[in-house]
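Work through the exercises below with the sequence and the coordinates at hand, and compare each solution with your own reading.

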Amino acid sequence: MLTAASSLAADGSFVDDRGIAVAVPEGVHRIASVSYFAADVALALGLKPVASTYMVQGRNPDFLSDYMADVPEIGQRATPNLELLAQAKPDVIVAMRRYTEGNAPQYQAIAPYLAYNLELYSDSDRTIMQVATMLGKQDRAKQLNDDFKTHIEEIAAQAPQGVHPRFQIMWGGDAPWTFYSENMTAAILTAIGGENIAGHNPTPHIPDNFGLEMSLEADPDVIFVYDYGPDRPHEGNPIWQQLSAVKNGRVYYVGDEWVEAHGPIARELVLREAAHYLYPETFAMPDIKAEAEKIIPDVLN
């Protein structure tokens, strides 16, 4: 696993998940976010991004409270508008690798461009720390990383012992895509006692192998569906209405923080929501915006 130190090249440039050393100017202040990850990190460090993509057009990301309301939108995360991105005049662009690597030269022509995998639990701490290092906020990032580890341990200790609800995390569709336990949100759920029906990745050496198409017949106790809009073809599957989670009202269409859970704000809220959904009699449902505002400094630059 890369650490913040090992992701710096000898000349002080930053090595992203492409393995490419990117020279970033000192005094970075204007950060553009392709996905919500960089916006999440920037806000947690006290800085408002100058531009961001969205997950679903017109849907405010509650886990970032209302701080993104006046941030220029540059399109959906898989198809950002590069002209709008250039108009934002960023000092640095932080992006998801799989959506942007093919257009790397165009991004690099606008500003230094760093691309991250942002899939596995192991991607979170080190990527937060690297972005924080660019912004000169390493101490704050270290505290956020340490706090998250502590909060997971605290919730795991408070969870009912010997109770391991079987869960499934998926994108909805005709053939639902289900995530292995190394995936960020699945890892959080397993860390607090949940049992992932998809299990661990059997071939971790294969790049970008973080899930599988999985039949609905596994019948978990709890189902989490990434909410990507009103189209829900999986609900038309005859098996769907027979599932225990459906019959028991334990299917949860979860928000953008679950889809992009690697940032310091998103992962904290996923942790608190997950605790409630797995153990509703032990943990209360968090107020998403209120909890986000506890992490975001009162004064933003």
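**Exercise 1.** Within what distance do the axes of helix 6 and helix 10 come, and at what angle do they cross?

*Solution.* The model is a predicted one, in which local features need pLDDT of at least 70 and side-chain atom pairs count only at pLDDT 80 or more, while totals for chains, interfaces and linings use all residues. Residues are numbered from 1 along each chain as its sequence is written, and side-chain values use heavy atoms, with hydrogens and water left out.

Helices here are DSSP runs of H or I with at least four residues, and strands are runs of E with at least two, numbered from the N terminus. With axes taken as lines fitted to C-alpha atoms over the stretch in contact, and angles running from 0 to 180 degrees between N-to-C directions, the axes of helix 6 (residues 138–158) and helix 10 come within 11 Å and cross at roughly 5°. The two helices are therefore roughly parallel to each other, a term for angles under 35 degrees.

**Exercise 2.** Describe the surroundings of P176.

*Solution.* P176 lies in the loop between strand 8 (166–171) and strand 9 (177–179), and at 3% relative accessibility it counts as buried. Beyond its neighbours within four places in sequence, P176 has contacts (heavy atoms within 4.5 Å) that include W171, L212 and H234.

Terms used
Parallel < 35°, antiparallel > 145°, perpendicular 65-115°, else oblique. Buried < 20%, exposed > 50% of the residue type's maximum accessible area, 1.4 Å probe, protein only.
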